[in-house]
Structures are given as structure tokens and as C-alpha cells.
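Subject: A structure for you to look at

Dear colleague,

Please open it first, and then read the notes below with it beside you.

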Amino acid sequence: MQLCIVHMVRNSLNYVSWKLQREVAADLRTIYTSSTVEVAEQMLSAFEGKWDKDYPLIGQSWRRNWARVIPFFDYPPEIRKVIYTTNAIESINMSLRKVIKTRSSFPTDDAVTKLFYLALNNISKKWSMPIRDWKAALNRFAIQFEDRMSQG
């Protein structure tokens, strides 16, 4: 399970005056763009050293959620650019919840599967924005997950 980096940053910036948001965001960027977990941990410590006096809740939030942030570092930078936000996943989940909300029960598991299939078809028709940096990520996915990807 991985937390959405975008939401972590947004949550962090909620505590910061607008005059300092750019600087704090830049310092947070050094954490999630680090090359390894170890470097990210060092950057988080540096962030806390600089900002904890004024904004202790930010460092505390990152530390509290650290175990759910670090899976992000298991991937190379090309993939990280695609997965640093979970907005697309959250949007799909919200849409699927909306579809099943009006039904109290299903006669079979197949009925749920069919409903989700049809809902996902409708949801995917609304996607108009291409995924940023997708080609580079797709190449890395093909290398890293060769056994899972069909070579079509």
C-alpha cells in the first residue's frame, strides 16, 4: 500500500502560510524525489531540522505515514513519475462505489463482476487526459515486470 505523495504534500502545505508554501514544497520535493529510501530519510530529517520549530505537524505526519510512503522508492524514477499520485485510482474507486451504492445485494458474484465490467467500460470512455511520462514508465514496467506484461 502506498500513500499518494500529492495528498501528503497538500496536507503538509495546509499548515504553512502562503508566503512560505513554495519554499516548504521545494524542501518536501527533496524527500520524495530522493534516489533511495535512505536518502529520503536524510532529507526528511533535514526538513524537520529546518521546519519543525514553526511547523512540527508536517514532520510528524510524514514520520507517522513513513511506512506507507516508502514503497514509492521501490520503483525507478520513470515509474515514480506515474505513480506519485493515486487520484486516478481514487476516482475509479469512487465511481465503482457509486455504481454499487444503489444496490443492496447481488444474486451472484458474476453479477458484481459484470456490473464492474460495464461500469469500467463507461468510466474509461471519460478518460481524455493522457498519462504524463507514460512512455518512459511503460518501458520501465516492461523491464521490471517482464513476466507480467504481454509482448504484443
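Which residues in α1 meet which residues in α4? Before I come to that, please keep in mind that this is a predicted model, in which the protein chain averages a pLDDT of 84, with 86% of the residues scoring at least 70. Confidence is highest in α3, at 97, and lowest in helix α9 (residues 134-144), where the mean is 71.

To return to the question, M8, V9, N11 and S12 are the residues of α1 that meet α4, and on the side of α4 they find I58, S61 and W62. Sorted by class, the residues of this contact of α1 with α4 comprise four nonpolar and three polar, with no charged residue. Helix α1 covers residues 5-13, and its axis lies 9 Å apart from that of α4, at an angle of about 155°. Because angles over 145 degrees count as roughly antiparallel, α1 is described as roughly antiparallel to α4. The crossing in which α1 passes α4 is right-handed.

Helix α4 (residues 56-64) also packs with helix α3 (residues 37-51), at an angle of about 160° and with the axes 9 Å apart, so that α3 is roughly antiparallel to α4 as well. Here, however, α3 passes α4 in a left-handed crossing. From α3 the contact draws on E41, L44, S45, F47, E48 and W51, while α4 contributes P56, I58, G59, W62 and R63. By class, the contact of α3 with α4 holds six nonpolar, two polar and three charged residues.

In one of them the side chains of E23 and K50 meet, at 3.0 Å from N to O. This pair links distant parts of the chain, since E23 sits in helix α2 (residues 21-32) and K50 in helix α3, 27 residues apart.

With best wishes

Notes
Residues numbered from 1 in each chain as written. Predicted model: local features only at pLDDT ≥ 70, side-chain atom pairs only at ≥ 80, totals over all residues. Heavy atoms only, no water. Axes fitted to C-alpha atoms, helices over the stretch in contact; angles between N-to-C directions. Helix = DSSP H or I, 4+ residues; strand = E, 2+ residues; numbered from the N terminus. Parallel < 35°, antiparallel > 145°, perpendicular 65-115°, else oblique. Left-handed = near helix turned anticlockwise from the far one by under 90°. Contact = heavy atoms within 4.5 Å. Nonpolar A, V, L, I, M, F, W, Y, C, P; charged D, E, K, R; others polar. pLDDT = per-residue confidence, 0-100. Salt bridge = Lys/Arg side-chain N within 4 Å of Asp/Glu carboxyl O.
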